[in-house]
Amino acid sequence: MLDLNSRAKPGDVSAKVNEALDAAMRAKPRETRGYLGASALGDACDRRLQYKFLQVPPDRPEFAERTFRIFDRGHWGEEYTAREMRAAGFLIKTESKDGGQVGFSVADGKFKGHCDGVIIEAPFAMRLPAVWEHKQLGANGWKSVARDGVAVAYPGYAAQIALYQAYLDLPNPALFTATNADTMERYHELVEFDAELAQRSSDKAARIIKATEAQEPLPRVAAASDFYVCRSCAWNQTCWENG
C-alpha cells in the first residue's frame with residue numbers, strides 16, 4: 001500500500017529548489033565597477049559611495065539574491081519595452097558604435113553613466129534626439145511616479161537623466177518610461193533638462209572622487225550607527241569601526 005504521508009511536503013521541495021537557485025545566483029560572476037556611476041549618485045550617504053568607488057569589500061553581501069532577480073527583471077523589462085516602442089514607430093539607439101551601452105565617461109574614466117537609449121525618431125512630434133530612460137517599478141513606486149512625476153517620486157532618477165542630457169549633449173526633453181511590474185501599465189513623461197540639477201550632481205561626483213583620491217573620508221549620512229540607512233548598509237561595521 002502506498003504511504004502518501006511519506007511524500008515530501010510542497011514547502012520542503014520549495015525550500016530545496018530555492019536553496020539551489022540562490023546558491024547558483026550567489027556563484028554567478030558579477031561585474032565590478034572601478035568607477036563612480038551616475039546611477040549611484042542618488043545614494044544618501046557620501047561615505048558609502050566612497051566605499052563603492054574604492055571597491056571596499058562589504059561586511060556582508062550588499063544585495064540579497066531576490067534583489068539581483070529584481071535587477072534582472074528590470075533589464076528584461078527595458079528590452080521588452082524597447083521592442084514594443086520600436087514596433088510602435090520609435091527609432092531608439094540602445095548601443096554605441098563598439099556595441100556597448102550608450103553613455104559617457106569623464107575624469108579619466110572615474111565617472112561614467114549609461115542611459116537606456118536615445119530616441120532618434122518618434123511616431124508623433126517631439127524634440128529629437130532625446131534621452132530615453134526606462135525603469136520597471138513595483139506597484140507602489142509606479143503609482144508614486146505616475147502621480148507626482150519622476151523628479152518628486154525618484155529624485156535620483158531625475159539626476160541620472162539630467163546627467164545624461166548634459167554629458168551626451170542632448171538637452172531636448174528626455175522621455176522617461178516607467179513600467180508597473182505587477183500590472184504592466186506604463187507611464188511616460190517628458191523631462192525638461194534641469195541644468196542646475198546636472199551641475200549639482202556632477203559637482204557631487206567630482207567631490208567624491210577628489211576626496212577619495214586624497215584619502216579623506218566624507219561625512220556619513222547620520223550621527224549614529226542605528227540610523228535606519230546605516231542599519232541596512234553593507235559597510236556598517238567597517239564604517240563605524242574606522243571612526
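1. Basis of the comments. The model is predicted, so local features need pLDDT of at least 70 and side-chain atom pairs count only at pLDDT 80 or more, while totals for chains, interfaces and linings use all residues. Residues are numbered from 1 along each chain as its sequence is written, and side-chain values use heavy atoms, with hydrogens and water left out.

2. Burial of E7. Strand E7 spans residues 174-180, and seven of its seven residues are buried (under 20% relative accessible area, 1.4 Å probe, protein chains only). Strands here are DSSP runs of E with at least two residues, and helices are runs of H or I with at least four, numbered from the N terminus. One side of E7 carries Ala 174, Phe 176, Ala 178 and Asn 180; the other carries Leu 175, Thr 177 and Thr 179.

3. Pairing of E7. Strands pair if DSSP finds at least two bridges between them. E6 (residues 130-137) runs parallel to E7, joined by six bridges; Lys 135 has Ala 178 in E7 as its bridge partner. E8 (residues 186-191) is antiparallel to E7, also over six bridges, and His 188 in E8 stands opposite Thr 177.

4. The E7-E8 hairpin. Five residues lie between the two strands, and Met 184 in this hairpin takes a positive phi near 65°.

5. Thr 238. This residue belongs to helix H9 (residues 236-241) and is buried, with a relative accessible area of 19%. The side chains of Thr 238 and Asp 59 make a polar contact at 2.5 Å (a pair of N or O atoms within 3.5 Å; within protein, one must be able to donate a hydrogen and the other to accept it, and residues adjacent in sequence count only if both atoms are side-chain atoms). Not counting residues up to four places away in sequence, Thr 238 touches Tyr 51 and Asp 59 (heavy atoms within 4.5 Å).

Note on methods
Buried < 20%, exposed > 50% of the residue type's maximum accessible area, 1.4 Å probe, protein only.
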